[in-house]
Amino acid sequence: MIDLHCHLDGSITVDIAKKLAEVQNITLPASTDKGLAKMLSVPEGCSSLNDFLNCFGLPLRLLQTRKGISEAVRLVQENCLSQGLAYLEIRFAPQLHCVQALSQEEVIEAALEGLSKSTLHTNLILCLMRSDHNEQENLETIRLAKKFLCKDGGVVALDLAGAEALFKTSYFEKEFALAKEYGIPFTIHAGEADGAESVKKAIEFGAARIGHGVRIFEDAELMGFVAEKGIALEMCPSSNRITKACEDMSSYPIRDFILRGIKVTINTDDMAICRTTLADEFEYIEKMYSITGQEKKNLLLNAAEAAFCSDEYKSELKEKIEYGWKN
């Protein structure tokens, strides 16, 4: 199993939250597992991506020290390892972890420390954030991505996350021009809370992958282009259902995308907030959209090919999938 779209702050389960609170001497705002679960996962009746984004308050409080960040990265990896994953990409925005005086560079160093403490093959994606008062913070993230960039075992790419409908992808042309100049690969959240035009702009910038991308179904020409160029979609069915990126999941376009030859991958997005696992996501699409065993294999091969990792490890992943790897 391969998860290419996993947010660190959205993957803080109740057990992980309790461990992070303990090592940092933080008093949690709820004394029971049930109370914590309510704070760490999306409420029933979530009406939009903006409502969904409100769930990140408590996780971010636990991710403001070197120890908290390092341990969180390790624990998320161990959780995914226990679920049978062979490869994971964890993404986070360094600028969101500087409330207690850490610099963005120190945040990244802490994440790399945590990365080294697990046997799961994992890489890091640094997120820029959609806002109107953080241009310098985003530019700093890009500069640090260049500094720490590697082929494998560390920082491998950039992303753009946040309130897509409020802060359009088109606003961030300068940032991704710089990323391209530096030779940093990137994915962009697009076609989730905003329409197909957002995906078009991300592709114009040079995105190698698209986070979600579900709304390209609005533009047949764009779907053809995405298929032709082999641009992978990091689809996250449970998240898309919860945030209303797709109003009616019976019309979720995954089957159409597969038939059109689009490189679809399946991911968790925020496993704690969405109360899901990668196995849950595959079970959902198998039941809901009659995804066959061969199609599941193809989805995994898509993920291996689209991964921001070394060619050597891509080949290893593909070999595992081709020769009957069942996890």
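Predicted model: local features only at pLDDT ≥ 70, side-chain atom pairs only at ≥ 80, totals over all residues.
The chain crosses from β2 through helix α6 (residues 104–115) to β3 in a right-handed β-α-β crossover, meaning that, with the strands pointing away from the viewer, the path from the first strand over the helix to the second runs clockwise.

Residues are numbered from 1 along each chain as its sequence is written, and side-chain values use heavy atoms, without hydrogens and water.

Strand β2 (residues 87–92) is parallel to β3, with six bridges; two strands pair if DSSP finds at least two bridges between them. Helices (H or I, at least four residues) and strands (E, at least two) are DSSP runs, numbered from the N terminus.

On β4 (residues 155–162), β3 forms seven bridges, again in the parallel sense, and Leu126 faces Leu158 there. With helix α7 (residues 135–148), β3 and β4 make a right-handed β-α-β unit.

How many of the 10 residues of β3 are buried? Nine are, so the strand is largely enclosed by the rest of the structure; buried means under 20% relative accessible area, with a 1.4 Å probe and protein chains only.

I turn now to an open sheet of four strands, ordered β5-β6-β7-β8 with parallel pairing. Because β5 (187–190) and β8 (264–266) stand at the edges with a single partner strand each, one side of each is left without a neighbour in the sheet.

Key. Buried < 20%, exposed > 50% of the residue type's maximum accessible area, 1.4 Å probe, protein only.
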